Amino acid sequence: MERARLLAAELTLEEKAGQLGSVWLTDSADDFAPKLEDNPGIASNPFEGGLGQLTRVFGTEPVTVAEGVRRLRELQERVVAANRFGIPAIAHEECLTGLAAYGATAFPTPLAWAATFDEDLVRQMAEAIGSDMRALGIHQGLAPVVDVVKDYRWGRVEETLGEDPYVVSQLGAAYVAGLESTGIIATLKHFAGYAASRGARNHGPVSMGAREFADTVLPPFEAALRHGGARSVMTSYTDVDGVPCASNRHLLTTLLRERWGFEGTVVADYWAVPFLSGMHHVAVDTADAGRLALRAGVDVELPRTVAYSELPRLIREGVVDEGDLDRSVQRHLQHKFEVGLLDGAPLVPLDAESVDLDSPRNRDISSRIAEESVVLLRDEEALALLGSGKIAVLGPAADQFRSLVGCYAFPNHVLSKHPGHDLGIRIPTVLAAIREEFGADRIRFEAGAEITSGRTDAVAAAVALARDSDVAVVVVGDIAGLFGDGTSGEGCDAADLCLPGGQDALVTAVLDTGVPTILVVLSGRPYALGAYEKARGIVQAFFPGADGAAAVAGVLSGRVATTGRLPVQIPRDSSASTTYLQPTLGLSNPGITALDNTPLYPFGFGLTRGAIVYEALIAAANLRTDGTLDAAVTIRNDGENTVEVVQLYASFPSAPVVRPAVQLIAYARIRIRSGATQTVHFHLDAARLAITGADGALGVDPGPLLLIAGPSAAEAAVTAEVTIVGERRMLAERALRTPWSASESMS
């Protein structure tokens, strides 16, 4: 930091402000980010005096690797030449489902990663993504999203790691650790509360008590910083209890820096600083918005300098403290030193043009995540029916590549604005994969409906094909897109959880034929499937990526053994959009409310080839508030070799404040052989049970505790009663991990 301080001291006010700014050389910014009213456009010389960041050189247009590398070199040369000290810019890109660039592997969405419960595999993916980015001369990645889902109708559910803070924490930290291990600056999104907006509306205000905010929204960010090593945080667009996150000094400085000790940079989500004036109306104009954001702790304005260009004038007028500017400049310069921009090395690697963004390594990892993420929800001997006879493949998602990749994958994110352009990578559809898996001569296809239209005139043809077949596979779901260009994704919030378009009519009509039917759902959010009880089989895949179709086809044929588990519930009814993390009065209570929000399939559920029996959960009778506990879960496999996700939940029969009926506190993804008995030991620090009390302080309270182990949040297979004893233990920080170990014995 000393080098950054010394360099910052040599800069003029204008040069300092330049180091906190950015440029996005595109006239189509509204295609990729929320619209900024009164957009000032690109300055005649945006590089003059210095520049903080280059925005999405690779990720805005379908440019080849060679073209993108050439552009980046040219831009860096312009940046260096335009300032006295030759300070280059940090180049950032989106990398949520792989690098968002033409020709780069489109990995499964984060909701699919979460379905794997596989931290090691998520870290491998992030390492692969980061190594590609670093090889191109990119320094910062805008990922992962560690928002916790609160309402399935929200359009960006696909970008999250689900609804449980612990799962989001574990997998989010794994992704960050992988990305950071390659030298890429990981950027946590979106700090904080973005996924908890009223009515699941994008950018909607957040009305949440401080206790719930502290215990459900914040832990994944803290885990990703402490255990993942993230060096950057991106602000949320929302306001929380009336205070916009981009001007929230308590959130960005008091909590993030003073309590958590964060030393990296806070970057604004695109246009979030001028939005303080134009949308939140807490600033009188753009310059005032810059004042508020800098004071709160926003270090870098993205994607283009608008408000921060006014900072030198405001400092000279005495409105802004130059010390605030200096702190942010030093932080950002420190990143430039860390990524090697000021050590004399080539600004873009000399061999960057030869980088393969869709390498066999990438596709192997993509395929493994896809296979581990597919969740088998129902199989009433349905998959066996596919072994012979005629198969009718129906549904609009069957022959649609956009139903396989997320809204931040380049083919959806950018190429949807370039109709007719080739995809740059292979994305076989489910129809193509089924033909390859089962033989094209056995397969016939009818779409039968549309995803973005309620038209039903094609249903009859699909029904006729189903009647003339031995089994029907109906493939339904979403198209990912941005701001209404799809049914899932940023700005694609849903009114309810019915299958979009005319798909419900199609599924209902096919099921009514009586032909054995398997429902395959390719989606970015969970949809209500309670009306489809006649389906003999249900397969759920959350945008499983460019290799997802082969994974789905492999599950249908039996080539792929399912291990995926639900990171979100599957609702029974289309109005039931609440997650599993509810207190007793948030659950279904006949006699109190007529609304039943009991899920069709609970959090953590997923069928495998194993036949797992939970034999015992053994734990000591007492746990001191400052102590540790070993909880031993023993399981037996009476079926085939399989992977089991052993889940440990906590329930509090009585507590000083209302707590969820059950809450996940640990899990272990283990392989268990046929006939084997295995014991998983969870080493539980009492601090893992802490909660924010009515006084606003984090602590561990004495009282009764029920430990529950099972294959999902709804199945209390084995339990153990524990009493937490001692005085209330106050905590300065959370215990964010529960270590575990396993031992195996053959029966």
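Author: The model is a predicted one. Eight of the 10 residues of H8 are buried, so this helix is largely enclosed by the rest of the structure.

Reader: Which residues of H8 are buried?

Author: Burial requires a relative accessible area under 20%. In H8 the residues that count as buried are Pro 219, Pro 220, Phe 221, Glu 222, Ala 223, Ala 224, Leu 225 and Gly 228.

Reader: At roughly what angle do the axes of H6 and H8 cross?

Author: Helix H6 spans residues 165-180 and helix H8 residues 219-228. Their axes come within 8 Å, and the crossing angle is roughly 35°.

Reader: How many nonpolar residues are in the contact of H6 with H8?

Author: H6 contributes residues including Val 168, Ala 173 and Val 176, while H8 contributes, among them, Pro 219, Ala 223 and His 227. By class, the contact has one charged residue, three polar residues and nonpolar residues numbering nine.

Reader: Why does Ile 427 count as buried?

Author: Ile 427 is found in the loop between helix H15 and helix H16. Leaving aside neighbours within four places in sequence, Ile 427 is in contact with Phe 401, Leu 404, Val 405, Pro 411 and Ala 546. The cut-off for burial is under 20%. Ile 427 counts as buried because its relative accessibility is 8%.

Reader: How many residues apart in sequence are the parts tied together by Lys 150 and Glu 212?

Author: Lys 150 forms a salt bridge with Glu 212, with the closest N and O atoms 3.1 Å apart. Lys 150 lies in the loop between strand S4 and H6, and Glu 212 in helix H7, so the pair ties together parts whose separation in sequence is 62 residues.

Reader: In the salt bridge of Asp 485 with Arg 402, how far apart are the closest N and O atoms?

Author: Asp 485 is partly exposed, at a relative accessible area of 32%. Arg 402 counts as buried, at 14% relative accessibility. In their salt bridge, the distance between the closest N and O atoms is 3.5 Å.

Reader: Are Glu 644 and Arg 565 buried or exposed?

Author: The side chains of Glu 644 and Arg 565 meet in a salt bridge of 2.7 Å, N to O. Glu 644 is in strand S19 and Arg 565 in the loop between helix H19 and strand S16, 79 residues apart. Both Glu 644 and Arg 565 are buried.

Note on methods: Residues are numbered from 1 along each chain as its sequence is written. This is a predicted model: local features need pLDDT of at least 70, side-chain atom pairs count only at pLDDT 80 or more; totals for chains, interfaces and linings use all residues. Side-chain values use heavy atoms; hydrogens and water are left out. Axes are lines fitted to C-alpha atoms, for helices over the stretch in contact, and angles run from 0 to 180 degrees between N-to-C directions. Helices (H or I, at least four residues) and strands (E, at least two) are DSSP runs, numbered from the N terminus. Contact means heavy atoms within 4.5 Å. Ala, Val, Leu, Ile, Met, Phe, Trp, Tyr, Cys and Pro count as nonpolar, Asp, Glu, Lys and Arg as charged, and the others, Gly among them, as polar. Buried means under 20% relative accessible area, exposed over 50%, partly exposed in between (1.4 Å probe, protein chains only). A salt bridge is a side-chain nitrogen of Lys or Arg within 4 Å of a carboxyl oxygen of Asp or Glu.
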